[in-house]
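Please report on the pocket and the aromatic contacts of the structure shown here.

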Amino acid sequence: MLRLLLALLRLSCPASSQSRSWSGTWTATGAGRVFSGTWTASAGESRDASSGTWIVLDSSGKPVAAGAWSARKKKKGWEGVWQARAGNGAPFAGTWSARSPLEASAALTDLWELALSNVITGAWQAGRKSGGWSIRAFRSR
């Protein structure tokens, strides 16, 4: 699991010193459970794309799953996909969408900038399971 986490962190580091990146904490609810962890985001090659990593932490702060996500800005908001692998090797994947008060012309990276001062919320789905999530960002670079 530690090797997977280190590999994901290396992938999330921007190749250019001029790249913008963010990190933060997240919380998600669904199926009567609450999950939490950390995330990273890097600006994509276009203003409407972004990607990063995420880690699921247990109640003691120990990583129990790690994965990657990507997103594209759509006409009506931001949508993405995510995947992860639990410590036991079990894979899981799904989709997510974000709610935002930003104008339709805003770039996806504007969402991460907004998360520096506001909690951003959205919805996630994995098969028949679904729920809500929220993030808070901290500038990484």
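## Largest pocket

The structure is a predicted model. Its largest pocket has a volume of about 740 Å³. The lining consists of 26 residues, and those nearest the centre of the pocket are Trp26, Ala28, Trp54, Trp82 and Trp124. Elements that give two or more residues to this lining include strand 1 (21-30), strand 3 (49-57), strand 5 (77-86) and strand 8 (129-139). Strand 2 gives the largest share, five residues.

By class, 21 of the lining residues are nonpolar, two are polar and three are charged.

## Aromatic pairs

Eight aromatic pairs are found in a search of the whole structure. In one of them, Trp39 and Trp112 are tilted, with 5.5 Å from centre to centre and 45° between the planes. Trp39 belongs to strand 2 and Trp112 to helix 2 (residues 108-115), so this pair ties together parts 73 residues apart in sequence. Trp39 counts as buried at 5% relative accessibility, and Trp112 counts as buried at 3%.

Trp54 and Trp82 form an edge-to-face pair, at 5.4 Å centre to centre and 85° between the planes. Because Trp54 lies in strand 3 and Trp82 in strand 5, the pair ties together parts that are 28 residues apart in sequence. Trp54 is buried, with a relative accessible area of 12%; Trp82 also counts as buried, at 11% relative accessibility.

## Aromatic cluster

One aromatic cluster is formed by Trp39, Trp69, Trp96, Trp112 and Trp133.

Definitions and conventions
Residues numbered from 1 in each chain as written. Predicted model: local features only at pLDDT ≥ 70, side-chain atom pairs only at ≥ 80, totals over all residues. Heavy atoms only, no water. 1 Å grid on protein atoms, 1.4 Å probe; cavity = no way out; pocket = protein on both sides within 12 Å on 5 of 7 lines; lining within 4 Å. Points joined across faces, edges and corners; volume = space filled by probe spheres on them. Helix = DSSP H or I, 4+ residues; strand = E, 2+ residues; numbered from the N terminus. Nonpolar A, V, L, I, M, F, W, Y, C, P; charged D, E, K, R; others polar. Phe/Tyr/Trp six-rings, centres within 6.5 Å; stacked < 30°, edge-to-face > 60°. Buried < 20%, exposed > 50% of the residue type's maximum accessible area, 1.4 Å probe, protein only.
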